[in-house]
Amino acid sequence: MENQEIAERESKLLLALCDREDILEKKAKIYSRLLTDPALAKTMEECSFRHEKRKEDLLALSCGKTVKKKNGQGRCEMNEEGE
């Protein structure tokens, strides 16, 4: 019984962290588009990608499965990166 309660609390914590990573990803992406200095914009875009990756990792930990992008709109497809 106690192990189940611990697992539920851990899952809630991971989902809360995922929500925060989602917000940080969106804000960094917006800032990357608003900045006029190309070097700073690129840095913010990279920061956004790191938050996206952490969000996906947290979802995988909390749900036990990986999140896949629909219609080839994932970060790798958009930036023509390999797996």
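This note sets out numbered points on the structure shown above.

1. Basis of the model. The model is a predicted one, in which local features need a pLDDT of at least 70, side-chain atom pairs count only at pLDDT 80 or more, and totals for chains, interfaces and linings use all residues. Residues are numbered from 1 along each chain as its sequence is written, and side-chain values use heavy atoms, with hydrogens and water left out.

2. Confidence. The pLDDT is the predictor's confidence in each residue, on a scale from 0 to 100. Its average over the protein is 82, and 76% of the residues score at least 70. Residues 75-83 have a pLDDT below 50, and beyond near neighbours in sequence this stretch has nine contacts in the model. A contact here means heavy atoms within 4.5 Å.

3. Secondary structure. The protein has three helices and zero strands, and its elements run α-α-α from the N terminus on. Helices (H or I, at least four residues) and strands (E, at least two) are DSSP runs, numbered from the N terminus. Helix H1 covers residues 2-34, and helix H2 covers residues 38-63.

4. Burial and surface. Among the 83 residues of the protein, 20% count as buried. The term buried stands for under 20% relative accessible area and exposed for over 50%, with partly exposed in between (1.4 Å probe, protein chains only). The accessible surface amounts to about 6800 Å², and carbon and sulfur atoms hold 54% of this surface. Such areas come from the Shrake-Rupley method with a 1.4 Å probe; for residues, only the protein chains shown count as cover.

5. Of the contacts in the protein with a separation of 6 or more, 52% join residues 24 or more positions apart. Leucine 24 lies in helix H1, whereas serine 48 lies in helix H2. Is serine 48 buried or exposed? Serine 48 is buried, because its relative accessible area is 2%. Leucine 24, at 40%, is partly exposed. Leaving aside residues up to four places away in sequence, serine 48 touches Glu25, Ala28 and Lys29.

6. Cysteines. How many disulfides does the rule give? The count is zero, a disulfide being a pair of cysteine sulfur atoms within 2.5 Å. In general, a disulfide is a covalent bond between the sulfur atoms of two cysteines. Cysteine 18 has a relative accessible area of 8% and is therefore buried. Cysteine 47 is buried as well, with a value of 19%.

7. The whole structure contains seven salt bridges, each defined as a side-chain nitrogen of Lys or Arg within 4 Å of a carboxyl oxygen of Asp or Glu. Side chains of opposite charge can pair when their charged atoms come close. In helix H1, aspartate 22 and lysine 26 are four residues apart, about one turn of the helix; their closest N and O atoms are 3.3 Å apart. Aspartate 22 is partly exposed, at 21% relative accessibility. In helix H2, lysine 42 and glutamate 46 also lie four residues apart, about one turn of the helix, and their salt bridge has its closest N and O atoms 3.5 Å apart. Lysine 42 is exposed at 51%, while glutamate 46 is partly exposed at 34%. Lysine 53 and aspartate 57 likewise both lie in helix H2, four residues apart, and the closest N and O atoms of their salt bridge are 3.0 Å apart. Lysine 53 is partly exposed, with a relative accessible area of 41%, and aspartate 57 is partly exposed with 37%.

8. Salt-bridge network. Which residues are linked in a network of salt bridges? They are Asp22, Glu25, Lys26, Lys29 and Lys55. Of these, Glu25 and Lys29 are also touched by serine 48.

9. Nonpolar patch. Ile30, Tyr31, Leu34, Leu35 and Leu40 make up a nonpolar patch on the surface, with about 500 Å² of accessible area together. Patches consist of residues with over 30% relative accessible area and no salt bridge; like charges are joined within 9 Å, and nonpolar side chains (Val, Leu, Ile, Met, Phe, Trp, Tyr) within 5 Å. Helix H1 supplies the largest share of the nonpolar patch, three residues. Leucine 34 has its place in helix H1 and counts as exposed because its relative accessible area is 61%.
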